[in-house]
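Please examine the structure shown below. A short report on selected elements accompanies it.

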Amino acid sequence: MSTPLISDAKKRWQQELAAAPSRPQPATTVSGLPIEPLYTSEDLGNFSDEKRLGYPGQYPFARGVHANMHRGQLWTMRQFAGYGTARQTNERFRFLLEKGQTGLSTAFDLPTLMGLDSDHSQSRGEVGRLGVAVDTIDDVRQLFAGIDLEQVSVSMTINAPAFVIMAYYVAAAVDGGFDPHKLRGTLQNDILKEFHAQNEFIFPPTPSVKLVVDVIEYCTKHVPLWNTVSISGYHIREAGSTAVQELAFTLADGMHYVEQCLERGMNVDDFAPRLSFFFNAHNDLFEELAKYRAARRLWADLMKNRYHAQRESSWKLRFHAQTAGCSLQDKQPEVNLMRVAYQAMAAVLGGCQSLHTNSMDETLALPSEHAATLALRTQQVLAYETGVTNTVDPLGGSYFVETLTDQIQQQAEEYFERIEQHHGMVAAIETGFFRREIGDAAFAFQQAVDAKQKVLVGVNDFQQPDEKPLPLLELDESAERDQLQSLEQIKKQRSRDDVRRTTDELKRVAETGTNVMPALMETARARVTVGESMQVLEEIFGRYRLGAAW
Amino acid sequence: MSLRLDSMNETDRPQRIVLAKIGLDGHDRGIKVVARGLRDHGFHVIYAGLWQAPEAVVQAVADEDADWLGISILSGAHMTLLPDLLNLLRQQGSGNVKVMVGGIIPEADIQKLQQLGVTGVFGPGTPMEDIVEFLRERR
């Protein structure tokens, strides 16, 4: 084999390529990154396996955070659940545990997520609808009644009032006789992406981040096995960002938390191993898996070289993935099963540690039991039938995948610089930088769909006029009434003196800027509601208002 | 198409639409895309934002002399919140504003909402052109 021969072959390919027809849609990723017709070793230049890839379980972790990845242990199939009252969700949890599930994932209702009690006027119609309603420590106790919290890991998806819920949880666990050093689980506790995308914020950015750091500081000392923040790109992507924006903004959020912890005087290796990540799994298989690979390499570099972490566990980016809700369509909803399957495959090929697969009917209603079962079965087929788990990072070394991974990494680094040019995280939030970037990307995507530059099956092509509707879940509407009754009872029965004493103490602690967690464990025990605890703090920290820009 | 003020009559006047999110859900991707799309198609768009109380929405409709009110809701609380809002519109003398709804609305609820006076309901993935055409046909 000689060089001229390869060159002739290349020349011929270029001629044939120029003469060949190509489809009208431009070849770009879902996010609009242009893709070449072919990738060869030339694209990789002086790519070094050792520097860019390394071995799985070793710096820079491009190939995964464990030596044997899914050959050793499959990812955790962690389906998100919660509805109605704490009693109803507790029944569901115990059912899942009996079926052999080892971890619980708690969805809270919108009032709880917004720090409002069930009896607040804005809560009407929303109590127990999209998750479980939690007003007081009694609800937390009921939620986990009969569950061994030293054995079961508990994930709680909540942000603005995350520190309140965590304090109530720890108080309930300690009072129930559990050792806080043995509690395991994950608190989402990622307020920054709320400002960028999901909009479940209450206080302004600076005090909001202070409260995130309070949880990290408290748990590092007292609940050391707890994953203190799940730094989330998922919602940024759902709001319409590109893959690069999702990656860049998420890691920038992570950097901000790390820097605030360091400023508090914490040692990076004490808290960094308990930071985890949460990414979206969207439609473009290669863009997604390149994103996860780039994420690991970027985080390892930042933790090792910028923040000088010494422990390998501080360098490892561990992540949960969820398939993209925003990619699902209400036309021909069964087709969503196929979308979810490919998205899940991207997450697994990209080395996720846990995964939630969406149900096909989520653009229509909360998942029916049938749809939720199929979503879980999708993961099981992937794990046990497709063979994608048989070797570590099977796409590593592909000219295309490595080129794309490098490009995504580089573009994310450019965003880090732009955020610095906007004077850092908080200033960039306040001037609307993130929202503008995401809003522009969302609008550009819709325009591409409307112009059919992007084909969505069943939406702008391959439509089917006579669709049969899916059977959907019918919600039990009694939860709101039940929750309101029990909250009224609690408010009547609790000691007013205890409420006043503990909320005064919470106010004092918050005003002095010390960690609020111990004081919140006392408000919890005095049966102060989540909404009341948040109200005390709102009077000190204020409420964040969004600019009117759209 | 450019409009000269002196030649404007009632049919040339851009349709005015107030867009608002009611309830507690923060999903504003759809409504913001619709806001930009309608603006690009010549509509006069007033986006009231997240977490709007029914009273504030009704006030905005009156203040802005709106032809249309577009409500976005993805939390599932639409059957609790929308009937109240529609009643309030009528009570406050804005009953003739045409109402469209976007979000996750099951088929069975679409019919109920139409019976209550909602003119159009649009689910996820609706092409911008469909909304524009719908509004123009019913101006």
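This is a predicted model: local features need pLDDT of at least 70, side-chain atom pairs count only at pLDDT 80 or more; totals for chains, interfaces and linings use all residues.

Residues are numbered from 1 along each chain as its sequence is written, and chains are lettered from A and ligands numbered from 1 in the order in which they are written.

Helices (H or I, at least four residues) and strands (E, at least two) are DSSP runs numbered from the N terminus; two strands pair if DSSP finds at least two bridges between them. In chain A, 5 strands form an open sheet with parallel pairing, in the order β1-β9-β8-β7-β6. Its edge strands, β1 and β6 of chain A, each pair on one side only.

| Strand (chain A) | Residues |
|---|---|
| β1 | 76-77 |
| β6 | 229-232 |
| β8 | 319-323 |
| β9 | 354-356 |

Strands β8 and β9 of chain A pair over 3 bridges, and Gln322(A) stands opposite His356(A) of β9(A).

Helix α22 (residues 496-512) and helix α24 (residues 530-541) of chain A have axes (lines fitted to C-alpha atoms over the stretch in contact, with angles from 0 to 180 degrees between N-to-C directions) that come within 10 Å and cross at roughly 35°.

His256(A) lies in helix α12 of chain A. His256(A) is buried because it has 21 C-beta neighbours inside 10 Å, the cut-offs being 20 or more for buried, 12 or fewer for exposed, and partly exposed in between, with C-beta atoms placed from the backbone. From Ser359(A), His256(A) is 103 residues away in sequence and 34 Å away in space, C-alpha to C-alpha.
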